[in-house]
Amino acid sequence: MGGRNQSIAISMVQWTGPFLQVVVLPWTVIKDEASIGAAASVIEQTPRQLFGGGTSISGAIDYAMAMFPQAPFKAERQVIDISGDGSNNGGRSVIRARDEAVAKDVTINGLPILAVEPYLDQYYRDYVVGGPGAFMIVRRTSRRLVTPSSRR
């Protein structure tokens, strides 16, 4: 775990179009094996709730950015982990959403899933990932979508 408190706070959101987001896991502090297990259980047991509506990575970033001020604590660091299987085809510019988040010292990590768009990793590298310490992990398949997290 990270930060002075040796914990992180996470939330998980499923997303599709610019205004289609569903919170799967509300802000939850992760500090030990029990809290890890409880959060993982909620995530694993929640079926995908959103279908259709296009792919709005910018909408996911904007939604995550709006969640940070709602967190019940002040974070040392703010990170958005975005997972998806397509490029931004709905909502506003993903570059603008990314750049606005990064300008506020938010890190955006990427987990592109190459099941639909074989060069999505390059797209994520060029247009999605950014900020201090940002990274990307390429996947072939996954069912999870976006997880904003804050180090406490």
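**Exercise 1. Find which residues the ring pairs link into a cluster.**

Step 1. Ring pairs link Trp27, Phe68 and Phe73 into a cluster; rings of Phe, Tyr and Trp (its six-membered ring) pair if their centres lie within 6.5 Å, with planes under 30 degrees apart counted as stacked, over 60 as edge-to-face and the rest as tilted. This is a predicted model, in which local features need pLDDT of at least 70 and side-chain atom pairs count only at pLDDT 80 or more, while totals for chains, interfaces and linings use all residues. Residues are numbered from 1 along each chain as its sequence is written, and side-chain values use heavy atoms, leaving out hydrogens and water.

Step 2. The structure holds three aromatic pairs. In one of them, the ring centres of Trp27 and Phe68 are 6.1 Å apart and the planes stand at 35°, so this pair is tilted. Trp27 lies in strand 2 (residues 21–30) and Phe68 in the loop between helix 2 and strand 3, so the pair ties together parts 41 residues apart in sequence. Helices (H or I, at least four residues) and strands (E, at least two) are DSSP runs, numbered from the N terminus.

Step 3. Now take Trp27 with Phe73: the centres are 6.2 Å apart and the planes are at 85°, so the pair is edge-to-face. Phe73 also lies in the loop between helix 2 and strand 3, so this pair ties together parts 46 residues apart in sequence.

Step 4. Check burial (under 20% relative accessible area is buried, over 50% exposed, in between partly exposed; 1.4 Å probe, protein chains only). Trp27 and Phe68 are both buried, and Phe73 is buried too.

**Exercise 2. Work out where the buried residues of helix 4 lie and what they pack against.**

Step 1. In helix 4 (residues 120–127), the buried residues are Leu120, Asp121, Tyr123 and Tyr124.

Step 2. Looking down the axis, these residues fall within an arc of 160° (taken from the directions from the helix axis to the C-beta atoms), so they line one face of the helix.

Step 3. Their packing partners are helix 2 (57–67), strand 3 (77–84), helix 3 (94–103) and strand 4 (106–112).

**Exercise 3. Describe the largest nonpolar core.**

Step 1. A nonpolar core is a set of buried Ala, Val, Leu, Ile, Met, Phe, Trp, Tyr and Cys residues joined through side-chain atoms within 4.5 Å. The largest has 25 residues, and those with the most contacts (heavy atoms within 4.5 Å) inside it are Ile57, Ile61, Ile80, Ile82 and Val128.

Step 2. Helix 2 gives the largest share of this core, six residues.
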